[in-house]
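Subject: Handing over a structure

Hello,

Please keep it open while you read, and look up each residue as it comes.

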Amino acid sequence: MQRTEFTEEKLGQAEKTELDAHLENLLSKAECTKLWTEKIMKQTEVLLQPNPNARIEEFVYEKLDRKAPSRMNNPELLGQYMIDAGNEFGPGTAYGNALIKCGETQKRIGAADRELIQTSAINFLTPLRNFIEGDYKTITKERKLLQNKRLDLDAAKTRLKKAKVAEARAASEQEVRITQSEFDRQAEITRLLLEGISSTHAHHLRCLNDFVEAQMTYYAQCYQYMLDLQKQLGSFPSTFLSNNNQSSTTPVQSVSSPSVLASASASLPSVSNSMVTSGLSELKSSSGSRKARVLYDYDAANSSELSLLADEVITVYSIPGMDSDWLMGERGNQKGKVPITYLELLN
């Protein structure tokens, strides 16, 4: 009967009971939420685990309610190779020692990566998946029931319209009242479920904040690990680090993590080019000023520093009592401290 009524509605041969605008809007909001939640969830899984085979394996083990076997992730594997190579070349050699230190850092990053995946899965992915596999399935079920009740109501209305005899008409009117009541009750149940989508958005917002915090912790950890590694490598003799008179490392640009920002600029290694070093020494011992070209972008950590843009030319000079790693820089009416490792003095 419902299939016939649905076909007749499509052909325009039967009237169709329309849902009220509020309910239609709620249904549209639920579908939109489900669509984007699925997309965000799947792409987050790709971000956290780029290997599709590993994702499939984890999915299978999850469905079997078993724990997937533990394997080294990419940073841990790279770290192990570096450590093995360093031991092979000799921990007493500069290169072997550096490889071991780099390998240990890569393994720390791998451990932080695991923590990020675990935290994100619990606090972000699981709530999204629970909505798709739980709440939205219930909404879909109740929505289908509403569709069936609507078809029953439309069929009853059609029979009432065709009824000629008074007795048949009375029976049809009774049927319409019953089906209308059932339709209204199911519409109310569906509406209450759909209005819960706003609560779902609020819950997912909290989960999103947790995900951002987990990422912030991860990137801050990685930055600190690399900063520590850079300090260790910077303590090696310059003859091992320099190559063709080029700077041994590219200075690390500042980041916004409050826990590491203060120490970022102070830890940058000195430039290995002897001409630049001697020029800076002369400048610090004199009271004059020089023009300098900026090598890298630099974001000021506080109001006492001057932000820099790569390739711009500024005026620099030294003042008594200033830290040896810094100079005063001027650009027009702006002035502030600038790190010397970001500068190339001009003649």
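How far does helix α4 (residues 74-89) reach from its first C-alpha to its last, and what is expected at 1.5 Å a residue? Helix α4 has 16 residues and reaches 22 Å, close to the expected 22 Å, where the expected span is 1.5 Å times one less than the number of residues. Before going on, please note that this is a predicted model, in which local features need pLDDT of at least 70 and side-chain atom pairs count only at pLDDT 80 or more, while totals for chains, interfaces and linings use all residues. Residues are numbered from 1 along each chain as its sequence is written, and side-chain values use heavy atoms, with hydrogens and water left out.

The chain as a whole

The protein chain holds 10 helices and five strands; these are DSSP runs numbered from the N terminus, with helices being H or I of at least four residues and strands being E of at least two. Of the 347 residues in the protein chain, 33% are buried, where buried means under 20% relative accessible area, exposed means over 50%, and partly exposed lies in between, using a 1.4 Å probe and protein chains only. Among contacts between residues at least 6 apart in sequence, 66% join residues at least 24 apart, a contact being heavy atoms within 4.5 Å.

Helix α4

The residues P75, E76, G79, I83 and G86 of α4 are buried. They lie on the same side of α4, because they cover an arc of only 95° around the axis, the arc being that of the directions from the helix axis to the C-beta atoms. An α-helix has 3.6 residues a turn, so residues three or four places apart point the same way. On the other side of α4, N74, Y81 and E88 are exposed, while what covers its buried residues includes α5. At the start of α4, a side-chain oxygen of N73 comes to within 3.0 Å of the backbone nitrogen of E76, and after the helix comes G90, whose phi is positive, near 115°.

Leaving out residues up to four places away in sequence, S120 touches L48, L125, F211 and A214. S120 and V212 are 92 residues apart in sequence, and their C-alpha atoms are 9.0 Å apart in space.

T37 is found in helix α2 (residues 21-48), and at 7% relative accessibility T37 counts as buried. Setting aside neighbours within four places in sequence, T37 is in contact with L128, F131, I132 and H204.

Helix α6 (residues 166-195) has 30 residues, which should span 44 Å at 1.5 Å a residue, and this agrees with the 43 Å between its end C-alpha atoms. Its buried residues include S172, V176, T179 and F183, and the buried residues of α6 pack against α2, α5 and α7 (197-234).

The sheet

Strands of a sheet pair through backbone hydrogen bonds, either parallel or antiparallel. Here, an open sheet of five strands has the order β4-β3-β2-β1-β5, with antiparallel pairing; two strands pair if DSSP finds at least two bridges between them. The edge strands are β4 and β5 (343-345), each of which pairs on one side only. Neighbouring strands of this sheet are turned by 40° against each other on average, direction ignored, with axes being lines fitted to C-alpha atoms (for helices over the stretch in contact) and angles running from 0 to 180 degrees between N-to-C directions.

Strand β2 (residues 313-317) and strand β3 (residues 326-331) pair in the antiparallel sense over three bridges, and V316 stands opposite G329 in β3. Six bridges join β3 to strand β4 (residues 334-339), again antiparallel, and in β4 the bridge partner of R331 is Q334, while that of L327 is V338. The hairpin of β3 and β4 has two residues between the strands, and in this hairpin G332 takes a positive phi near 65°.

Where does D311 lie? D311 is in the loop between β1 (289-294) and β2, and its phi is near 80°, a positive value in a residue other than glycine. D311 counts as exposed because its relative accessibility is 56%.

Best wishes

Technical notes: A polar contact is a pair of N or O atoms within 3.5 Å; within protein, one must be able to donate a hydrogen and the other to accept it, and residues adjacent in sequence count only if both atoms are side-chain atoms.
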